[in-house]
Amino acid sequence: MMRDEELKQIFHSGWTNPNVVSHRVERFIKGEFGFAASRSAWLDVLRQTVPGESPCKILDMGTGPGTIALLWAELGHAITGVDFSATMISAGREAAKERGLTVDFVEADVEAPPFPENTFDVISSRAVLFTLPHPGYAVAQWIRLLKPGGTLVLIGENNPTDPEKLKRQHRPAPGWEPDEAYRNALEQLPFRSHTDGMVRVVMEAAGLRNIRNLPMKSVLAAREEHEKQNPNYGVLQGTPYVLAGQRR
Ligand SMILES: C[S@@+](CC[C@H](N)C(=O)[O-])C[C@H]1O[C@@H](n2cnc3c(N)ncnc32)[C@H](O)[C@@H]1O
């Protein structure tokens, strides 16, 4: 069993690797989230998680190149994206600049987020819980940063059951191969292959209320269209989920 610090170091080295960063930019910023129909479907889902029309103060945990942070900015919210990878953050800054959007990026560990409690209207996170040694503690801490009544939005992907699709889902970044230490570290992650059902239980255990699974029909339809138009782009093969729950 590796110690937490050792695990974090190993994942940090993966997530800062320039090949991993450019793979994510290609696959998501320029891929699914750069495809107009998908972008508009995702904007619509995110809009439904936020109460009312007024701008909110939002924190996106493990923001990477700003995949979700850029959408919040496009919806007019005040958004801070947090990530422990300086290379992901610089890709995010570049993407925001290209789009003329404002995102405040902060380099920090999402398992020890450096923000005061009761501060944010919304905290979001996409595709991050699976890579944390302690996803449960992380979620509990994030909730404390929400104002009472604030919303936690957890976004992820239920893996496909079809083995062919599963193989296409997990494509490592070209030019980067996980070594043995990395593969061993992955095995120690409790949420490595989680489902939306498990995330919902974590949210319930953390005391969130009004937990909703947002309808993803339009995101899936747009994803299909994207794949038809760009068969080699590496569209995700699973089923995306967005869960939103409210702090008491
Ligand atoms: C799979 S990527 C998801 C990125 C982005 N949310 C998206 O949807 O494209 C996981 C991200 O979490 C970040 N991450 C992993 N562990 C972290 C930690 N302990 N603290 C901060 N960021 C972390 C990685 O650097 C990476 O950018």
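Modeller: The radius of gyration is taken here over C-alpha atoms, and the globule rule sets it at 2.2 Å times the number of residues to the power 0.38. This is a predicted model, in which local features need pLDDT of at least 70 and side-chain atom pairs count only at pLDDT 80 or more, while totals for chains, interfaces and linings use all residues. Residues are numbered from 1 along each chain as its sequence is written, and side-chain values use heavy atoms, with hydrogens and water left out.

Biologist: What radius of gyration does the protein have, and why does it agree with a compact globule?

Modeller: The C-alpha trace spans about 45 × 45 × 35 Å along its principal axes. Because the protein has 248 residues, a compact globule would have a radius of gyration near 18 Å, and this agrees with the protein's value of 17 Å.

Biologist: Which residue has a polar side-chain atom 2.6 Å from an oxygen atom of the ligand?

Modeller: A polar contact is a pair of N or O atoms within 3.5 Å. A polar side-chain atom of Asp109 lies 2.9 Å from a nitrogen atom of the ligand, whereas the residue with a polar side-chain atom 2.6 Å from a ligand oxygen atom is Asp83.

Definitions and conventions
A polar contact is a pair of N or O atoms within 3.5 Å; within protein, one must be able to donate a hydrogen and the other to accept it, and residues adjacent in sequence count only if both atoms are side-chain atoms.
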